[in-house]
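Please look through the sequence and the model shown here before reading on. The paragraphs below are meant to be read with both in view.

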Amino acid sequence: MMKLGCMSLSYKDRFADGTMDLEGFIDRAHELKLDGIDIHTGAFASKEPAYLRNIRMRCLKRGLAISYIGVSNDFGRPDPELAGAVSEVREWVDVAAFMGVPMVRIFAAWVRGGATEEEVWARMMPCMREVAAYGEEKGVVLGLHNHNHGCVTRTGKDVRRIIETVNNAYLSHILDTGQYVGSPGASGANGREDPVLDFYGSIAETAPLAVHVRAKIYRIQTGEEDWLDYPRIFEILRSVDFNGWVSVVYEGQAVEAEDTAVPKAVDYLRRFVPGG
């Protein structure tokens with residue numbers, strides 16, 4: 001059975017203005033009767049054991065699972081900076097292992113500074129292999145998150161190439177419904193899909209690999225997501241017998257506040273995740 005969650009960045013404005021912290025986000029998820037949460041590293045106030053135990057206990061007492069911790073790494077950095085990028089991922093794998101969280105979200109690499117894509121791939125792949133091996137050692141899966149805007153995971157084929165090349169069960173896939181190139185929210189089109197780029201095809205390409213789906217919500221004022229075709233997306237997911245997490249990731253703050261939009265998003269996705 002699919003399970004319904006929410007990513008902490010859905011309340012990024014509330015975190016930024018200090019009116020919500022991680023404890024408050026956990027309580028909000030409980031109020032929304034969700035199954036679990038995903039936590040971006042920026043939501044943690046500390047990595048101290050006592051704090052991490054408190055967060056884990058707060059989730060346990062509210063019946064919430066923590067499905068992953070999200071790291072915003074970049075394995076396309078210049079060579080002198082790569083060790084730090086790998087070290088950051090390893091540190092959060094350690095936190096996940098300590099808290100009993102099964103997965104850490106990672107990005108791939110961005111192409112910047114005049115580098116060619118081939119050069120970026122050459123820097124990235126050893127890092128991918130290293131963090132996957134470290135995750136295997138610690139019993140924590142690394143979830144590769146597809147992303148556009150200069151990242152090398154802009155299509156389903158890109159994601160599949162990385163995962164198949166690393167060839168380690170501890171490198172899996174977190175599928176973001178809005179972040180493949182061609183998406184109304186990922187290609188600078190501001191609500192307009194580019195059908196030539198076929199981002200729904202990319203979703204279908206990697207759905208068989210996905211263990212977690214980030215359900216991006218851009219425009220939910222009417223109670224239904226306006227930019228993404230979720231009936232079509234869930235048809236793809238059901239066609240591959242997807243049985244993992246589906247988490248709200250709200251990014252429509254420019255048009256509607258989080259406090260009203262996120263509950264709408266939860267209600268909307270419950271149409272597709274019965275019991276979630």
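This is a predicted model: local features need pLDDT of at least 70, side-chain atom pairs count only at pLDDT 80 or more; totals for chains, interfaces and linings use all residues.

Residues are numbered from 1 along each chain as its sequence is written, and side-chain values use heavy atoms, with hydrogens and water left out.

Helices (H or I, at least four residues) and strands (E, at least two) are DSSP runs that are numbered from the N terminus. Eight of these strands form a closed barrel in the order S1-S2-S3-S4-S5-S6-S7-S8, with parallel pairing, where two strands pair if DSSP finds at least two bridges between them. Neighbouring strands of this sheet are turned by 30 degrees against each other on average, direction ignored; axes are lines fitted to C-alpha atoms, for helices over the stretch in contact, and angles run from 0 to 180 degrees between N-to-C directions. Strands of a sheet pair through backbone hydrogen bonds, either parallel or antiparallel.

On one side, three bridges join strand S1 (residues 3–7) to S2, and the two run parallel, with Gly5 standing opposite Gly36 in S2. S2 is also joined by five bridges to strand S3 (residues 65–70), again running parallel, and here Ile37 stands opposite Ile66 in S3.

How many of the five residues of strand S2 are buried? Five of the five residues of S2 (residues 36–40) are buried, so this strand is largely enclosed by the rest of the structure; buried means under 20% relative accessible area, exposed over 50%, and partly exposed in between, with a 1.4 Å probe and protein chains only. In a regular strand the side chains alternate between the two faces of the sheet. Both faces of S2 are covered, with Gly36, Asp38 and His40 buried on one side and Ile37 and Ile39 buried on the other.

Turning to the helices, helix H2 (residues 22–31) packs with helix H3 (residues 49–61) at an angle of about 10 degrees, their axes 10 Å apart. H2 and H3 are therefore roughly parallel to each other, a term used for angles under 35 degrees. In their contact, which means heavy atoms within 4.5 Å, Leu22, Glu23, Ile26 and Asp27 in H2 meet Tyr51, Asn54, Ile55, Arg58 and Cys59 in H3. By class, this contact has five nonpolar, one polar and three charged residues.

Helix H7 (residues 199–206) and helix H8 (residues 230–239) pack at an angle of about 25 degrees, with their axes 9 Å apart, and H7 and H8 are therefore also roughly parallel to each other. Tyr200, Ile203 and Ala204 in H7 meet Arg232, Ile233 and Ile236 in H8, and the residues of this contact divide into five nonpolar, no polar and one charged.

Two loop residues remain. His149, in the loop between strand S5 (141–145) and helix H6 (156–166), has a phi near 55 degrees, a positive value in a residue other than glycine, and counts as partly exposed at 45% relative accessibility. Asp198 lies in the loop between strand S6 (171–176) and H7; its phi is near 55 degrees, a positive value in a residue other than glycine, and Asp198 is partly exposed, with a relative accessible area of 39%.

Notes
Angles under 35 degrees count as roughly parallel, over 145 as roughly antiparallel, 65 to 115 as roughly perpendicular and the rest as oblique. Ala, Val, Leu, Ile, Met, Phe, Trp, Tyr, Cys and Pro count as nonpolar, Asp, Glu, Lys and Arg as charged, and the others, Gly among them, as polar.
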